[in-house]
Amino acid sequence: MMYEDDVPPENRVDLAYSGLDLFPEHLSEKADRIQSLHLNNNRILVLPRAVSLFQELRHLDISANGLTHVSGELTHLPNLRTFIAKNNLLEDGALPKELGRCLSLQVLNLSGNGFMEFPEQIEGMAGLRALYFGANRLRTVPSEIKHMSRLEILYLGGNQISSLPLEVGSLSSLMSLVLCDNRLESIPPHLARLRNLRSLSLHNNRIAALPSEIIALRNLTELSLRGNPLVVNFVRDLSYDPPTLLELAGRGVKNSGIPYGEGDVPPNLYRYLSLARKCPNPKCTGVYFDARVKQIKFFCNIYA
């Protein structure tokens, strides 16, 4: 999602890394022409009232300045679409209560701060298309997130989240969901309702199993699972308990369609071959046997 494609170069001001201690109020003289303003990586601790003069502003980046709160002047910008305030010192209560009035806001980036709770002001922002809230200290995600129905990107990586509400499955527009580096032990099967989801990042959690419903995510092209017991145990079991020659031969017979009858093979082999099951992945034509149910279902459902 490109933030500034709609802003011509002559309407952009970039003062990043300029050693600023105060908001450059001299810009107020041409406030009606500035649509994009980059003030990141300075030492601006306060957004002054002068911010409200920039009525045409669409994109504002005030990241890495040491901000401890965001003033209500931000809510007086009727055309603001992107607000980036990552890597500051924002904590619970740092956002203006009127933030929900920013009806034009589509992209909000508050990653790299110190929030422990999901701000109530954000819960009601139904127009947001991208929310970046990574590297904070969130423990829970509120069920009210279901109201953010236009979200396409939800970044919650690097928090302390241990569970997800079922309502996450209501975000029907979601295309990218990042939950890596948290404390998740499972994910709700309701995620299977996210039919537009293309990327799901779950690495470095505590997930030991995935719901079988996840196979319904037909548009999913990226799935990251490394650093979970699910993968660690799978690789360990596959390393120390490889398929037997009997199983490999059985797969060969079934997959190749070699004809056989009850009198053609010993009774025990005939019974074994009858245990073959078709892989639950509709794209896979292979079979598996009871001895490998757990590994085959995991591997084929996720990676085939």
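Predicted model: local features only at pLDDT ≥ 70, side-chain atom pairs only at ≥ 80, totals over all residues.
Colleague: What is pLDDT, and what is its mean here?

Modeller: pLDDT is the predictor's confidence in each residue, from 0 to 100. In this protein the mean is 88, and 88% of the residues reach 70 or more. Over residues 291-304, though, the pLDDT is below 50, and that stretch has 36 contacts in the model beyond near neighbours in sequence. Contact here means heavy atoms within 4.5 Å.

Colleague: How many helices and strands are there?

Modeller: Helices (H or I, at least four residues) and strands (E, at least two) are DSSP runs, numbered from the N terminus. This protein has five helices and twelve strands. As for contacts with a separation of 6 or more, 36% of them are between residues 24 or more positions apart.

Colleague: Now burial. What counts as buried, and how much of the protein is buried?

Modeller: Buried means under 20% relative accessible area, exposed means over 50%, and partly exposed is in between (1.4 Å probe, protein chains only). Of the 304 residues, 47% count as buried. The accessible surface of the protein comes to about 15600 Å², with 51% of that belonging to carbon and sulfur atoms. Those areas come from the Shrake-Rupley method with a 1.4 Å probe, and for residues only the protein chains shown count as cover.

Colleague: Which residues touch the most other members of the largest nonpolar core?

Modeller: First the idea: a nonpolar core is a set of buried Ala, Val, Leu, Ile, Met, Phe, Trp, Tyr and Cys residues joined through side-chain atoms within 4.5 Å. The largest one here has 64 residues, and Phe 83, Ile 122, Leu 131 and Leu 177 touch the most other members. Take Leu 177: leaving out residues up to four places away in sequence, its contacts include Leu 154, Val 168, Leu 191 and Leu 194.

Colleague: I always look for cysteine pairs. How many disulfides turn up?

Modeller: A disulfide is a pair of cysteine sulfur atoms within 2.5 Å. A search of the whole structure finds zero. As for individual cysteines, Cys 102 counts as buried at 5% relative accessibility, and Cys 180 counts as buried at 6%.

Colleague: And how do I read the salt bridges?

Modeller: Side chains of opposite charge can pair when their charged atoms come close. The cut-off is a side-chain nitrogen of Lys or Arg within 4 Å of a carboxyl oxygen of Asp or Glu. The structure holds six. In one of them, the side chains of Asp 6 and Arg 58 meet at 3.2 Å, N to O. That pair links distant parts of the chain, 52 residues apart: Asp 6 is in the segment before β1 (12-14), and Arg 58 is in the loop between β2 (36-38) and β3 (59-61). Asp 6 is partly exposed, at 30% relative accessibility.

Colleague: What else is Arg 58 in contact with?

Modeller: Setting aside neighbours within four places in sequence, its contacts include Val 7, Gln 35, Asn 79 and Arg 81. The C-alpha atoms of Arg 58 and Ser 36 are separated by 5.8 Å, although these two are 22 residues apart along the chain.

Colleague: Are Glu 247 and Arg 251 buried or exposed?

Modeller: Both are buried. They form a salt bridge, with the closest N and O atoms 2.8 Å apart. Both lie in helix α3 (residues 245-256), four residues apart, about one turn of the helix. Elsewhere, salt bridges that share partners join Asp 6, Arg 58 and Arg 81 into one network.

Notes. Residues numbered from 1 in each chain as written. Heavy atoms only, no water.
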